[in-house]
Amino acid sequence: MSEEELKVLMARKKVLSYVGIATKSGKVASGEFLTEKSVKDGSACLVIVADDASDNTKKMFTNMCSFYKVPICFFETKDSLGHSMGKEFRASLAFLDKGLAQAACKQLKLAKMEVL
C-alpha cells in the first residue's frame, strides 16, 4: 500500500471516529427524519449521506443542503456509518457541533472526498 493510500485510509477512519465521538456527546442527528429536521432548524453543521443510500435520498439531501447552505458529503456505507454510531445502519446523519464538523470536513478532504 502506498503512502498516499495509507493517508486516505487513515483520514476515512478518523471521520468515522468523529461520528462516534459526536454520537457519544449527543452532537449528532441520525436517520432521515432527524437529519432533515436539523438541517431545516439550522442546527446541522455538516451532513453525511451514505454512498449506498437511495438516489432519492441523495437527491433530497443534496437539494435541501444546497438551499439551507449546509455542507454535505457522500461517504462510506450505511453499515459503516451505523457501526461507527453503535447502531444497525444509518443512511444519513448531521453533525450538530461546529468543531467536530470542521474536523470531519478536514479529514474528508484529506480522504479525497468532495464536500459540497
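Okay, a quick definition to begin: helices (H or I, at least four residues) and strands (E, at least two) are DSSP runs, numbered from the N terminus. With that in hand, the elements of this protein run α-β-α-β-α-β-α-β-α from the N terminus on, and they come to 5 helices and 4 strands.

Before I go on, please keep in mind that this is a predicted model, where local features need pLDDT of at least 70, side-chain atom pairs count only at pLDDT 80 or more, and totals for chains, interfaces and linings use all residues. Residues are numbered from 1 along each chain as its sequence is written, and side-chain values use heavy atoms, with hydrogens and water left out.

Now the overall picture. The C-alpha atoms fill a box of roughly 40 × 25 × 25 Å, taken along the principal axes. Buried, for us, means under 20% relative accessible area, exposed means over 50%, and partly exposed is in between (1.4 Å probe, protein chains only). On that scale, buried residues make up 43% of the 116 residues. A contact means heavy atoms within 4.5 Å. If you take the contacts with a separation of 6 or more, 79% of them are between residues 24 or more positions apart.

Let's look at helix H4, residues 78-85. Ser80, Leu81, Gly82, Ser84 and Met85 are buried there. So what covers them? The cover includes helix H1 (3-24), strand E1 (28-30), strand E2 (46-49) and strand E4 (92-95). Just after H4 comes glycine 86, with a positive phi of about 75°.

On to charges. Side chains of opposite charge can pair when their charged atoms come close. We call it a salt bridge when a side-chain nitrogen of Lys or Arg is within 4 Å of a carboxyl oxygen of Asp or Glu. How many salt bridges does the structure hold? There are 3.

One of them joins lysine 112 and glutamate 4, with the closest N and O atoms 2.8 Å apart. Lysine 112 lies in the segment after helix H5 (98-110) and glutamate 4 in helix H1, so this pair ties together parts that are 108 residues apart in sequence. Lysine 112 is exposed, at a relative accessible area of 60%, while glutamate 4 is partly exposed at 39%.

Another salt bridge is between glutamate 76 and arginine 12, at 3.0 Å, N to O. This pair also links distant parts of the chain: glutamate 76 is in the loop between strand E3 (72-74) and H4, and arginine 12 is in helix H1, 64 residues apart. Is glutamate 76 buried or exposed? Glutamate 76 is buried, with a relative accessible area of 17%.

Then there's lysine 40 with glutamate 36, at 2.8 Å, N to O. These two are 4 residues apart in helix H2 (residues 32-40), so about one helical turn separates them. In general, an α-helix has 3.6 residues a turn, so residues three or four places apart point the same way. Lysine 40 is partly exposed at 44% relative accessibility, and glutamate 36 is partly exposed too, at 23%.

Last stop, still in helix H2: serine 38. Serine 38 counts as buried, at 4% relative accessibility. Which residues is serine 38 in contact with, leaving aside its neighbours within four places in sequence? They are Ala29, Ser43, Ala44, Ala94 and Leu96.
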